[in-house]
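Hi there,

Here is the structure I promised to pass on. Have a look at it first, and then read on for what I found in it.

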Amino acid sequence: MSESQLQNEHGITVAKRRTAEQLLHDEGPYARLLNEMVQAAKLRGASDIHIEPNESGVAVRLRVDGNLRLYKQVDVQHRESLILEVKRIFGLAIGVSGRPQDGRASLPEYRLDLRVSLLPTHFGEKVVMRLLNLDATFELSKLGFTDAEARVLEAAIHLEDGVVVISGPTGSGKTRTLYALLKAIGPKAFNIVTLEDPIEYRIEGLNQVQVSAKMTFADALRSVLRQDPDVILVGEVRDAETAKLCFQAAETGHLVFTTLHANGALEVIERLSGLGVERMVLESNLRLSIAQRLEQKVCQNCGSPIAPDQLKSIAQKLSPGSSIADLKRMKAKSEDGCSECTDGVKGRVPVLEWVSFETLENGRRAKVHQSLQAARAIRALAGEIDGLEVFREIL
């Protein structure tokens with residue numbers, strides 16, 4: 001049973017649903033298996049658990065440092081029972097199997113929140129659990145940015161108004177960077193309101209608003225502007241109305257942080273123009289456009305030096321003044337890995353591209369201050385990411 005019996009103050013017995021954490025500790029084989037998965041994922045620093053029905057059963061894979069790796073294969077006779085147990089524990093509709101479902105669970109014992117997504121596939125229902133680590137840091141100084149990147153982000157904290165956009169694919173660290181920026185601004189001194197879908201982390205001092213089909217980003221943003229905000233986070237610009245409202249908020253003296261799907265920092269400007277934001281408004285109010293990625297770090301235990309002949313080729317084509325001595329810190333990851341890593345990778349580091357408008361005699365133009373390619377090269381030269389992968393094109 002997933003409910004416990006309690007008596008209220010009137011002596012009436014009522015049923016109270018047990019929490020997901022309590023249900024994970026049940027004695028049944030599938031509860032134990034799911035509990036084992038969560039513990040393994042937490043121990044390995046996984047960002048996601050994938051439970052994937054296939055012809056032979058169910059494949060359980062963990063995404064660690066951006067890579068999906070098989071954790072366990074479950075026999076076909078257990079396929080339906082395992083998925084039913086997922087539904088039972090995480091509060092999804094057991095009697096529904098033909099449509100997607102979403103849920104969320106809190107696991108304080110493991111210092112995790114889980115976002116659970118269920119999707120019907122050919123062999124059954126596929127489950128993905130996104131693990132949100134409650135011990136994750138939101139200190140800018142601890143997120144691994146280079147000194148130059150940190151200076152740019154710290155400058156954004158001190159802006160009085162305008163729009164700051166961070167772009168990047170899912171899982172590129174945008175949310176953590178945004179939360180770190182808001183935390184650094186200081187929720188105690190300012191009225192900071194966030195509009196999110198979904199709210200990933202609950203941050204003390206922030207007024208976090210969950211948007212939905214009934215209250216879109218645009219709807220919520222219009223209301224927030226009547227709440228005397230100092231700083232606004234709009235989780236994502238998805239349409240023309242939200243884009244225009246962000247810039248209207250900036251024009252009225254607010255500092256707005258947001259994200260946008262684009263391939264790079266310059267492409268953000270093109271995308272905003274395509275959504276109907278006028279060029280003059282963009283030039284006046286877009287303070288900073290950032291593109292962020294996470295790059296896999298070379299395991300420092302098993303990473304190997306790069307061969308001298310390859311270093312020589314890189315040095316000759318990198319720049320006229322480069323020498324092998326300048327590249328001596330570069331490393332390549334080991335394909336086999338070691339006991340301390342997965343396939344030669346251990347951890348990830350952020351890389352940033354950023355663009356701002358500069359004033360010229362004939363007007364203002366967007367300037368790229370650091371490209372993603374240059375950011376990767378800096379990390380490779382420091383021996384943090386695989387130098388052979390970064391410089392493959394010039395070898």
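Let me start with helix H6, residues 217-224, which lies across strand E10 (192-196) and strand E12 (231-234). Helix H6 runs at about 165° to E10. Please keep in mind as you read that this is a predicted model.

**The sheet around it**

E10 and E12 both belong to an open sheet of eight strands, ordered E11-E10-E12-E13-E9-E14-E17-E18, with mixed pairing. At its edges stand strand E11 (207-210) and strand E18 (363-370); each has a single partner strand, so one side of each has no neighbour in the sheet. On average, neighbouring strands here are turned by 20° against each other, direction ignored.

Further along the order, strand E9 (residues 162-167) pairs with strand E14 (residues 286-298) in the parallel sense, over five bridges.

Another helix to look at is H4, residues 147-157. Helix H4 lies across E9, strand E13 (255-260), E14, strand E17 (345-360) and E18, and runs at about 55° to E17.

**One residue to look at**

Is Asn-285 buried or exposed? Asn-285 has a relative accessibility of 6%, and the cut-off for buried is under 20%, so Asn-285 counts as buried. Asn-285 sits in helix H9, which covers residues 279-285. Setting aside neighbours within four places in sequence, Asn-285 is in contact with Gly-162, Val-163, Phe-247, Ala-250 and Glu-251.

**The protein as a whole**

Stepping back, the protein has twelve helices and 18 strands. Its C-alpha atoms fill a box of roughly 80 × 60 × 40 Å along the principal axes. Of the 395 residues, 46% are buried. If you take the contacts between residues at least 6 apart in sequence, 59% of them join residues at least 24 apart.

As for the surface, the protein exposes about 20,000 Å², and carbon and sulfur atoms supply 48% of that area.

Happy browsing, and do write back with any questions.

Best wishes

Terms used
Residues numbered from 1 in each chain as written. Predicted model: local features only at pLDDT ≥ 70, side-chain atom pairs only at ≥ 80, totals over all residues. Heavy atoms only, no water. Helix = DSSP H or I, 4+ residues; strand = E, 2+ residues; numbered from the N terminus. Buried < 20%, exposed > 50% of the residue type's maximum accessible area, 1.4 Å probe, protein only. Contact = heavy atoms within 4.5 Å. Areas by Shrake-Rupley, 256 points an atom, 1.4 Å probe, with all protein chains shown as cover. Pairing = 2+ DSSP bridges. Axes fitted to C-alpha atoms, helices over the stretch in contact; angles between N-to-C directions.
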